[in-house]
Amino acid sequence: MTSMQSKPSIVFCHGLWADGSCFSKLIVPLQTEGYECIAAQYGLNTTAEDVAVTKATMGRVGSPVMLVGHSYGGSVITGAGTDDRVVGLVYICALAPDADETSQTQQSKFPTTDVFSQIQVVDGRIWLRPEGTKYFCGDLSEQEQKLVWATQGVPKPDLFDAKVGGTAWKSKPSWYIVGKEDHTVHPDLERFFAKRMGATTYELDSSHVPMLSQSERVIDVIRTAAKAAQAGTAGKAVQAPGR
């Protein structure tokens, strides 16, 4: 594979309590359209390690690469996205810290969301309680909520305290999906991130997991971003009307 391939590859980066399988409704249709796709499966032990695994995962597909990050995965792509192989970033209800911030810094400036009343630290990991899925992915069926809970990624408690090692959205074009019914990352915080990075922004009536509850809309955004990058028209993106 060479850098001259017609479509960018797409590397997905997951957050907490939803591992790489949360992108399954995106990966299969995008593969059918000819996009190489892969999900970085990292351990949520340290941000530096998660960024390193993401960069290694980029090496398993052709360049150029679009990075797609959900929730804490936004912090990961913010750090990993400075890599020369990366041509664009898609944030899904995601964090996007600046160089002097951590994953926690901005969250502490906004109201605490409902999901944080439904977590517990056991055996050195932060777990989502089964009843917490209504605040995490409440617009999914009960069966799908149980699947998300059963495949959850569980972080170490200090994961959010580290800087991410780069600020890719300052130099790479960005797209941002806001979940208007998000009870995990505050929607106003998502809007703050999107505005600060100058992202092309979409607002969906969704929970924290629009890639599962409104996958077609999310695929549309990824497809738009990939085509812009492929055409070389993706300069610093401007704010787009919510849709």
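Cysteine 13 is buried, with a relative accessible area of 0%. This is a predicted model. The sulfur of cysteine 13 lies 10 Å from the closest cysteine sulfur, which belongs to cysteine 22. That is too far for a bond, since a disulfide needs two cysteine sulfur atoms within 2.5 Å. Cysteine 22 is buried as well, at 5% relative accessibility. For the sulfur of cysteine 22, the closest cysteine sulfur is in cysteine 137, at 10 Å. Again the gap is too far for a bond. The structure as a whole holds zero disulfides.

Next comes a pair of helices. Two packed helices are described by the angle between their axes and the distance between the axes. Helix α2 covers residues 47-58, and helix α3 covers residues 73-80. Their axes come within 9 Å and cross at roughly 65°. Angles of 65 to 115 degrees count as roughly perpendicular, so α2 and α3 are roughly perpendicular to each other. The crossing of the two helices is right-handed. On the α2 side, the contact is made by Asp50, Val51, Thr54, Lys55 and Met58. Helix α3 contributes Val76, Gly79 and Ala80. Sorted by class, the contact of α2 with α3 has four nonpolar residues, two polar ones and two charged ones.

Now the backbone. Most residues other than glycine have a negative phi, and most peptide bonds are trans. Where does the model depart from that pattern? Leucine 44 is one place: its phi is positive, about 60°, although it is not a glycine. Leucine 44 sits in the loop between β2 (37-40) and α2. The residue is buried, with a relative accessible area of 1%. Serine 71 is another non-glycine residue with a positive phi, again about 60°. Its loop runs between β3 and α3. Serine 71 counts as buried, at 7% relative accessibility. The peptide bond that joins serine 63 and proline 64 is cis, with omega at about 5°. Proline 64 is placed in the loop between α2 and β3 (65-70).

Glutamine 104 lies in the loop between β4 (86-92) and β5 (119-122). Glutamine 104 is partly exposed, at 33% relative accessibility. Beyond residues up to four places away in sequence, glutamine 104 touches Phe160 and Asp161. Glutamine 104 and aspartate 161 are 57 residues apart in sequence, but 6.2 Å apart in space, C-alpha to C-alpha.

Alanine 162 is found in the loop between α5 (142-150) and β7 (174-179). At 30% relative accessibility, alanine 162 counts as partly exposed. With residues up to four places away left out, alanine 162 touches Thr47, Thr102 and Ser103.

One more loop remains. Serine 206 is located between β8 (200-204) and α7 (210-213). Is serine 206 buried or exposed? At 1% relative accessibility, serine 206 counts as buried. What is serine 206 in contact with, leaving aside its neighbours within four places in sequence? The partners are Asp139, Gly179, Lys180, Glu181, Asp182, Ser213 and Gln214.

Note on methods: Residues numbered from 1 in each chain as written. Predicted model: local features only at pLDDT ≥ 70, side-chain atom pairs only at ≥ 80, totals over all residues. Heavy atoms only, no water. Axes fitted to C-alpha atoms, helices over the stretch in contact; angles between N-to-C directions. Helix = DSSP H or I, 4+ residues; strand = E, 2+ residues; numbered from the N terminus. Parallel < 35°, antiparallel > 145°, perpendicular 65-115°, else oblique. Left-handed = near helix turned anticlockwise from the far one by under 90°. Contact = heavy atoms within 4.5 Å. Nonpolar A, V, L, I, M, F, W, Y, C, P; charged D, E, K, R; others polar. Buried < 20%, exposed > 50% of the residue type's maximum accessible area, 1.4 Å probe, protein only.
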